[in-house]
Amino acid sequence: MKKVAIFGNAGGGKSTLSRQLAEITGLPLYTLDKIKYRPGGVAVSLEEYQQAHQQILEADQWIIDGFGSLDTLWPRLDQADTLIYVDLPIALHFWWVTKRWITGYFYPPMGWPEGSPLFKSSMSSYQVLWLCHRRLTPKYRDYIQAARETRTVYHLSSAKQVNQCVRAIAQEYKTQKL
């Protein structure tokens with residue numbers, strides 16, 4: 001496990017999972033929302049984002065959290081040796097986006113650039129939920145099915161499976177250190 005892509009629909013807990021795995025493995029974590037947006041939620045140019053993304057891909061080790069853009073998504077998944085697809089029920093994604101929106105008034109959402117506009121970003125997440133569910137989810141599922149032959153794939157379809165995945169990887173790293 002040297003190059004890990006964590007992906008899935010909005011509000012699925014990818015940033016929390018990514019942070020936990022970075023702590024366990026010691027791999028550097030790159031959160032695409034923090035690369036694609038400056039503090040305050042202002043987007044960088046597409047060229048600047050693509051260049052930063054390419055530099056990360058060229059590194060020997062990484063955990064990359066998030067979507068980024070369609071043109072960088074598939075090359076990233078192709079280069080990862082480990083794919084972690086968070087594919088929770090759509091209702092749970094909606095609930096977690098709502099929960100993040102409410103708690104965001106008290107604590108900044110994890111994985112978001114500092115000072116991101118909470119209302120605007122949350123409304124964008126709601127829009128993305130349906131688009132991703134209809135257009136990307138079937139493609140993600142087909143992709144990981146084919147990728148199982150050549151790479152490590154975790155297809156997480158419940159909060160329980162997410163927790164089990166974290167525990168299993170922690171146990172594996174603990175065993176390797178002994």
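Which strands and which helix do the buried residues of helix 1 pack against? Keep that in mind as you set up the view.

**Before you start**

This is a predicted model, in which local features need pLDDT of at least 70 and side-chain atom pairs count only at pLDDT 80 or more, while totals for chains, interfaces and linings use all residues. Residues are numbered from 1 along each chain as its sequence is written, and side-chain values use heavy atoms, with hydrogens and water left out.

**Stop 1: helix 1**

Select residues 14–25, which make up helix 1. Helices (H or I, at least four residues) and strands (E, at least two) are DSSP runs, numbered from the N terminus. Helix 1 has 12 residues and spans 16 Å from its first C-alpha to its last. That is close to the expected 16 Å, where the expected span is 1.5 Å times one less than the number of residues.

Now colour Lys14, Ser15, Leu17, Ser18, Leu21, Ala22 and Thr25, the buried residues of helix 1. Buried means under 20% relative accessible area, exposed over 50%, and partly exposed in between (1.4 Å probe, protein chains only). These residues cover an arc of only 160° around the axis, so they sit on the same side of helix 1. The arc is taken from the directions from the helix axis to the C-beta atoms.

Show what they pack against: strand 1, strand 2 (29–31), strand 3 (62–65), strand 4, strand 5 (152–156) and helix 7 (159–177). Then step past the end of the helix to Gly26, which follows helix 1 and has a positive phi, near 80°.

**Stop 2**

Select Arg19 and Glu23. Their side chains meet in a salt bridge (3.5 Å, N to O). The term means a side-chain nitrogen of Lys or Arg within 4 Å of a carboxyl oxygen of Asp or Glu. Both residues lie in helix 1, four residues apart, about one turn of the helix. An α-helix has 3.6 residues a turn, so residues three or four places apart point the same way. Arg19 is partly exposed at 31%, whereas Glu23 is exposed at 58%.

**Stop 3: two more bridges**

The structure holds three salt bridges. For another, select Glu48 and Arg38, whose closest N and O atoms are 3.0 Å apart. Glu48 is in helix 3 (residues 46–58), and Arg38 is in the loop between helix 2 (32–36) and helix 3.

Next, select Asp87 and Arg141, a salt bridge at 2.8 Å, N to O. Asp87 lies in the loop between strand 4 (82–86) and helix 5 (90–103) and Arg141 in helix 6 (residues 118–147), so the pair ties together parts 54 residues apart in sequence. Asp87 is buried at 9% relative accessibility, while Arg141 is partly exposed at 39%.

**Stop 4: Asn9**

Go to the loop between strand 1 (3–8) and helix 1, where Asn9 lies. Asn9 is buried, with a relative accessible area of 6%. Its side chain reaches the backbone oxygen of Leu129 at 3.0 Å. Leaving aside neighbours within four places in sequence, Asn9 is in contact (heavy atoms within 4.5 Å) with residues including Lys14, Val86, His93 and His133.

**Stop 5: strand 3**

Finish on strand 3. Strands pair if DSSP finds at least two bridges between them. Centre on Ile64: it is the bridge partner of Ala5 and of Tyr30.

How values were computed
Polar contact = N/O pair within 3.5 Å; in protein donor to acceptor, adjacent residues only side chain to side chain.
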